[in-house]
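Please look over the sequence and the structure shown here before reading on. The report after it is meant for a reader new to this structure.

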Amino acid sequence: MSTHVDRSQPRPWFKQFWPWFLIALPATAVVGGIATLIIAAHDPDGLVADDYYKQGLAINRELELDRQAAALDLAALVRLDEEAKRLIVSLQNAQTGQKAKTLKLRMVHPTRPNLDRTLSLQRDAADRWSAPFEGAAQGRWHLQLEPETRDWRLSGRLELPEQRQVMLQPQI
């Protein structure tokens, strides 16, 4: 008994390789485009500031704060006390900085602005400033310390959880 394939009737198009191959090419582009759109809508770029023009105009004022801190010879040691769950700041090399009753410490995450926080530090009897601190997300943090009068500013970077303390200095 021999099997004979009847070649007189062509196979339907949906049972052939080439139509599916040609349909698959644009279909993968459509799927890739939809995936890209979902990713872009879900996690917008946090690196772009909405008010970039105003920030650009204010850069000279920001640089002046650093110059003023350098002129006052200011530096600060920021330490995380995990047992007391407090953030402690000690100003060094300055009598001018000791006059401030409260200091403001901004913790800025480089890529996720929703994690940014500002701590209001109160001076204690030992001439240190501290605030309750429950912790922050792991990674690199940019720290900016300034008095409520905004006369000067100190900056530095903290890498959590590896670092438990960091020295802040004027960034000139």
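This is a predicted model: local features need pLDDT of at least 70, side-chain atom pairs count only at pLDDT 80 or more; totals for chains, interfaces and linings use all residues.

Residues are numbered from 1 along each chain as its sequence is written, and side-chain values use heavy atoms, with hydrogens and water left out.

**Helix H1**

Helices (H or I, at least four residues) and strands (E, at least two) are DSSP runs, numbered from the N terminus. Helix H1 covers residues 17-42, which is 26 residues. The expected span of a helix is 1.5 Å times one less than its number of residues. H1 has a kink of about 25° at Ala24, shortly before the proline Pro26. The bend at a residue is the angle between axes fitted to the seven residues ending there and the seven starting there.

**The charged network**

Side chains of opposite charge can pair when their charged atoms come close. A salt bridge is a side-chain nitrogen of Lys or Arg within 4 Å of a carboxyl oxygen of Asp or Glu. The structure holds ten salt bridges. A network of them links Glu62, Asp66, Lys104, Glu146, Arg150 and Arg153.

| Salt bridge | N to O distance |
|---|---|
| Glu62 and Arg150 | 3.1 Å |
| Lys104 and Glu146 | 3.4 Å |
| Arg150 and Glu146 | 3.2 Å |

Lys104 lies in strand S3 (residues 102-108) and Glu146 in strand S6, so this pair ties together parts that are 42 residues apart in sequence. Buried means under 20% relative accessible area, exposed over 50%, and partly exposed in between (1.4 Å probe, protein chains only). Glu146 is buried at 5%, whereas Lys104 is partly exposed at 31%. Arg150 is partly exposed at 30%.

**Arg153**

Arg153 sits in the loop between strand S6 (139-147) and strand S7 (154-160). With a relative accessibility of 8%, Arg153 counts as buried. A polar contact is a pair of N or O atoms within 3.5 Å; within protein, one must be able to donate a hydrogen and the other to accept it, and residues adjacent in sequence count only if both atoms are side-chain atoms. The side chain of Arg153 makes such contacts with the side chains of Glu62, at 2.6 Å, and Asp66, at 2.7 Å.
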